Amino acid sequence: MMAVVFDVLLCALILVVALAAVSGRALFPAVVFFIVYGLLVAIAWVRLDAVDVALAEAAIGAGLTGILLVGATARLRRMEVPEAETGTSAARIATGIGCAMFAAMIGLGLLSLEPRGTGLAPVVAENLAGAGVANPVTAVLLNFRAYDTLLESIVLLVALVGVWSLAEDRHWGGHPGLRQHARTDGVLAAFGRILPPVGLMIGVYIVWTGSKQPGGAFQGGTVLAAVWLLVVMAGLVEAPRSDGRLLRIGLVAGPAIFLAVGFAGALGGTFLGLPAAHAGNLILLIETALALSIVLTLGLLVAGPPQRKAGTEDGA
Amino acid sequence: MIELLATRAALFGLCGAALIGIGIYGFVAHAHLLRRLVAFNVIGSGIFLLFGATGLRRVAFGADPVPQALIITGIVVAFSATALAVAMITRLAMLSGEARLPEERPGGAPGGER
């Protein structure tokens, strides 16, 4: 009974916070509500017994997306971009009614669906012995449906190329644009020194433990990327130049090793197929390389397009 | 016990459906592109929640790992799209001084001065 009450309250809270994120007047509170919303959704995933998803939602959906949006809000504010909204309240009410009806239709559709068959859980459980890892979600991500993960890591890389391409020509190859003015005795600088050791340990642990328990390269990589961003934002180290050779090797290492293992599998019969005897070690190899590339790519995606010092401040 | 889990799955599935509606409202109601990006992410997580909850309704077999893996991939891809969109919105604001599309300007015809 208590559990049902908790779930109902959680759902109500999620909906209220989502409404606040979407319908408020000002931009910055909307972004803050969105971050809270992401964390609440992560709790919902825990309630649904999907801890791997909860970790990804908290780290990527709430955390990294949150920093990205806060950063963008600050940049737009410095450029003095107007926030004024158009549209009459009558139009908004009409839109609201339409959207409520649409959501009700989806909800009715969901309730009228009869669960059929057994799903894929039994099939995964049957084949888990030869997958090389004990966590069924990691087994799906890196063995049974490795295609998804390979292409996902390439999507990340393409997004980074897209972000970098938005830099002006004169900034090309510069340091990614998180220029910070942290005071040396400020909170950020202090956090930048205290948190990284803890964050590093947690991040590496989450990557490592992904083979047995909830966790993995993406979730752990996000924590490590956050540590890196924190150190950069605290002004303790500078983000590397975007034309550095080492950086670029690191960026492609994960997808490249993943592809290489995939082609090796093709020689043995199946592209991306892992022989059961070596699956555990191969997955560890892929996850380690992937985690490195994910840390760099996620961090640089948040940092934004490269800039050069000689350029004007954010072009404003 | 199993009935309780099925109720929970239905509850969070309905929550996902409502989130999709809320997200679409935000997407339509705002011209500011960052507000639209927030709404886009709300729609996305609503769809994930709907999908994940339907995957849990066959509770006798435990939480299905395949939808979970697909959703994790989806979260990462949504983040990539968001990062690219933030960069594009910032660039648009640099060039035009506004964070909305030219055709959304009040009274401004498309193809007007930039």
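Visitor: Where does A:Leu272 lie, and what makes this residue count as buried?
Guide: A:Leu272 sits in the loop between α10 (245–267) and α11 of chain A; helices (H or I, at least four residues) and strands (E, at least two) are DSSP runs numbered from the N terminus. A residue is buried if 20 or more other C-beta atoms, placed from the backbone, lie within 10 Å of its own, exposed if 12 or fewer, and partly exposed in between. A:Leu272 has 20 C-beta neighbours inside 10 Å, so the residue counts as buried. The phi angle of A:Leu272 is near 70 degrees, which is positive in a residue other than glycine.

Visitor: What kind of model is this, and how are its parts labelled?
Guide: This is a predicted model, in which local features need pLDDT of at least 70 and side-chain atom pairs count only at pLDDT 80 or more, while totals for chains, interfaces and linings use all residues. Residues are numbered from 1 along each chain as its sequence is written, with chains lettered from A and ligands numbered from 1 in the order in which they are written.

Visitor: Is A:Glu80 buried or exposed, and why?
Guide: A:Glu80 has 9 other C-beta atoms within 10 Å, so this residue is exposed. A:Glu80 belongs to the loop between α3 and α4 of chain A. Its phi is near 55 degrees, a positive value in a residue other than glycine.

Visitor: Why are α3(A) and α9(A) called roughly parallel?
Guide: The axes of α3(A) and helix α9 (residues 217–233) cross at roughly 30 degrees and come within 9 Å. Axes are lines fitted to C-alpha atoms, for helices over the stretch in contact, with angles from 0 to 180 degrees between N-to-C directions. Angles under 35 degrees count as roughly parallel, over 145 as roughly antiparallel, 65 to 115 as roughly perpendicular and the rest as oblique. The pair α3(A) and α9(A) is therefore roughly parallel.

Visitor: Which residues make the contact, and how do they divide?
Guide: Two residues are in contact if their C-beta atoms lie within 7 Å. Contributors from α3(A) include A:Leu55, A:Ala59 and A:Gly63, and those from α9(A) include A:Phe218, A:Thr222 and A:Ala226. The contact residues divide into 10 nonpolar, 3 polar and no charged.

Visitor: How many residues of chain A are in contact with chain B, and which element gives the most?
Guide: On chain A, 82 residues are in contact with 72 residues of chain B. The element giving the most to this side of chain A is α3(A), with 14 residues.

Visitor: What makes up the largest nonpolar core?
Guide: A nonpolar core is a set of buried Ala, Val, Leu, Ile, Met, Phe, Trp, Tyr and Cys residues joined through C-beta atoms within 7 Å. The largest has 129 residues, and A:Ala21, B:Leu34 and B:Val38 have the most contacts inside it. α11(A) gives the most to this core, with 15 residues. Outside four places in sequence, the contacts of A:Ala21 include A:Phe33, A:Tyr37, B:Val38 and B:Val42.

Notes: Nonpolar A, V, L, I, M, F, W, Y, C, P; charged D, E, K, R; others polar.
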